[in-house]
Amino acid sequence: LFCRYHDNNRNPRFVLAPVKQQDEWDRPYIVRYLDIISDAEIEKIKQLAKPRLRRATISNPITGVLETASYRISKSFPHLASFVERSL
């Protein structure tokens, strides 16, 4: 396990506040970034997403009729881009 602060090659968004980076595994290379978004932002994402989540419709392979699937969720959430943009 190796930890460091990552500034994305001196990206202006990260120079003043670099993110914490943990190397989890070498092969395959797996990295975990810590404290990217705040707890308040996480709650806001949940709040914005909840009304847009609904059961996905699938085509029944036997009858060909569209029906809702209890194991899948259809989602459409364009507001997430503003949160994600900051971490690129």
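Here's a walk through this structure, starting with its sheet and ending with its salt bridges. Keep in mind that this is a predicted model, where local features need pLDDT of at least 70 and side-chain atom pairs count only at pLDDT 80 or more, while totals for chains, interfaces and linings use all residues. Residues are numbered from 1 along each chain as its sequence is written, and side-chain values use heavy atoms, with hydrogens and water left out.

A strand here is a DSSP run of E with at least two residues, a helix is a run of H or I with at least four, and both are numbered from the N terminus. Two strands pair if DSSP finds at least two bridges between them.

Now zoom in on β2 (residues 19-25) and β3 (residues 30-34). These antiparallel strands are joined by 5 bridges, and a hairpin of 4 residues links them. In β3, Tyr33 is the bridge partner of Gln21, and Leu34 is the bridge partner of Lys20.

Next, look for Asp23, which sits in strand β2. Is Asp23 buried or exposed? With a relative accessible area of 12%, Asp23 is buried (buried means under 20%, exposed over 50%, partly exposed in between, using a 1.4 Å probe and protein chains only). The side chain of Asp23 makes polar contacts with the side chains of Gln21, at 3.5 Å, and Tyr29, at 3.1 Å. A polar contact is a pair of N or O atoms within 3.5 Å; within protein, one must be able to donate a hydrogen and the other to accept it, and residues adjacent in sequence count only if both atoms are side-chain atoms.

Asp23 also forms a salt bridge with the side chain of Arg4 (3.2 Å, N to O). Asp23 lies in strand β2 and Arg4 in strand β1, so this pair ties together parts that are 19 residues apart in sequence. A salt bridge is a side-chain nitrogen of Lys or Arg within 4 Å of a carboxyl oxygen of Asp or Glu, and the count by that rule is 4.

Another salt bridge joins the side chains of Arg32 and Glu24 (3.5 Å, N to O). Arg32 is partly exposed at 44% relative accessibility, and Glu24 is partly exposed at 31%. Finally, Glu43 and Lys46 meet in a salt bridge (3.5 Å, N to O); both lie in helix α2 (residues 39-49), 3 residues apart, about one turn of the helix.
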